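Subject: Structure handover

Hello,

Here is the structure you asked about. Please open it alongside this message and follow the notes below.

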Amino acid sequence: MQRRIEPQMNADKRGSTLRWLSVFIGVNRRLNRIARRVLAGALPLFVAYLAASPLFAQRPSDPALLIPQNAPPLDYMAVPDPIAVPSGTPKGAPASVTFDSKGHLWVLNRGSLPVMEFDAGGKFLRGFGEGLFTRTHGLRIDPEDNIWVTDVGAHIVVKFSPQGQVLLTLGTKGQAGDWDEAHQSHHFNETNDVIIGRNGDIFVVQGHTAGKGDPRVLKFDKNGNFTNSWGGRGTEPGQFTVAHGIAIDAKGLLWVTDRENQRIQIFEQDGKFVRELKYAGLPCGLVIGNQYIYMVNGFAGQILRLDLDGNVLAAVGKPGKGLGEFGEAHFVAAGPKGEIYVADTVNSTLHKFVKR
């Protein structure tokens, strides 16, 4: 049998091959180091993208929570394009919406320019708040036109002047925990919404994740000094599953939407429980006017009109992606002309409804 003999590689070729192999390994190692650095730099951006995206909306697994409220139809219809944002202006999913004393519309979104002001016709006026928030959630404007924002991801509440300057920050940014003055612990745990009393007292509701954390109401004086709190996780009166939204009525009573418990709980401002009101769906946010209360029903996809005692009068909307359909009806505002605006975090849409 003839044995095959492999040709010998001469020294020059061996040296050349080894040099090329060494270069390849070195380049590959450098590329790996570069790739690791790029990924490390991109990770915070990726996390921020996820926090701003609908993936973070907590859709319930229990189908009973998605059954809408039975009510007569509300004689309102949705209209397209309620606001005009200039081309090139960064936008994000609307988290909340409200009006100031001038009738200007304010929209809180989860983009890089989170706080936006529009005139009565929907024209963009200005935006601010770049780099201040992790995952915006609630928006309120007090009688002096100061702007209040809750950040459910960073566990803080921020007060801005009407000019957009930070006046006050409550909580420890990026740290969840307990508010315990005895141990100098100034921590929220997922701040959802805020409302300001007539005397300047500040009421914050926290606890966004059903079955976790410490859902409750925390009260501060006008200077941000803690006074008391009440709540805790549960289904009994005064307890919450998710304390999602808060409003104050003309009598000074606090109305708190207890989302997964499918109710509104009403309290005096010292925390004394008054009564509860049960609803179908997922009560998320509400606004109390002189004649009506408007409440949005989360993933059940509705706007409810209530009388001032909380009785359901009418409803409009349904789940979907079309005009006037909701991914999540998150927070609501009623305008001076009777129009209704809804921030929809899942469909990344600001909805406007007007009387037919």
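Is Ser 161 buried or exposed? Ser 161 is buried, with a relative accessible area of 5%. Here buried means under 20% relative accessible area, exposed means over 50%, and partly exposed lies in between (1.4 Å probe, protein chains only). Ser 161 sits in the loop between strand S8 (156-160) and strand S9 (166-170). Apart from neighbours within four places in sequence, Ser 161 is in contact (heavy atoms within 4.5 Å) with Asn 146, Ile 147 and Leu 167.

Some notes on the source come next. This is a predicted model, in which local features need pLDDT of at least 70 and side-chain atom pairs count only at pLDDT 80 or more, while totals for chains, interfaces and linings use all residues. Residues are numbered from 1 along each chain as its sequence is written, and side-chain values use heavy atoms, with hydrogens and water left out.

The chain as a whole

The chain has one helix and 28 strands. Both are DSSP runs numbered from the N terminus: helices are H or I with at least four residues, strands are E with at least two. Of the 356 residues, 49% count as buried. Among contacts with a separation of 6 or more, 44% are between residues 24 or more positions apart. The accessible surface (Shrake-Rupley method, 1.4 Å probe; for residues, only the protein chains shown count as cover) is about 17700 Å², and carbon and sulfur atoms hold 54% of that surface.

A hairpin

Strand S4 (residues 115-118) pairs with strand S5 (residues 124-128) in the antiparallel sense, over four bridges. Pairing requires that DSSP finds at least two bridges between the strands. Glu 117 has Arg 126 in S5 as its bridge partner. Five residues separate S4 from S5 in this hairpin, and Gly 122 in the turn has a positive phi of about 90°.

Salt bridges

Side chains of opposite charge can pair when their charged atoms come close. A salt bridge is counted when a side-chain nitrogen of Lys or Arg is within 4 Å of a carboxyl oxygen of Asp or Glu. The count comes to 12.

- Asp 193 and Arg 140 form a salt bridge at 2.9 Å, N to O. Asp 193 is in strand S12 (residues 191-196) and Arg 140 in strand S6 (residues 136-141), so the pair ties together parts 53 residues apart in sequence. Both Asp 193 and Arg 140 are buried.
- Lys 219 and Asp 201 form another, with the closest N and O atoms 3.8 Å apart. Lys 219 is in strand S14 (residues 216-220) and Asp 201 in the loop between S12 and strand S13 (202-206), so this pair ties together parts 18 residues apart in sequence. Lys 219 is buried at 14% relative accessible area, and Asp 201 is buried at 11%.
- Asp 258 and Arg 263 meet at 2.8 Å, N to O. Asp 258 is buried at 0%, and Arg 263 is buried at 3%.
- Asp 100, Lys 102 and Asp 145 are linked in a network of salt bridges.

The largest pocket

A pocket is an open set of points on a 1 Å grid over the protein atoms alone, with protein on both sides within 12 Å along at least five of seven lines; lining residues have an atom within 4 Å of a point. The largest pocket has 39 lining residues, and Ile 248, Val 287, Ile 288, Gly 289 and Asn 290 lie nearest its centre. Two or more lining residues come from each of strand S2 (94-99), S6, S12, strand S16 (243-248), strand S20 (285-288) and strand S26 (329-334).

Regards

Key
1 Å grid on protein atoms, 1.4 Å probe; cavity = no way out; pocket = protein on both sides within 12 Å on 5 of 7 lines; lining within 4 Å.
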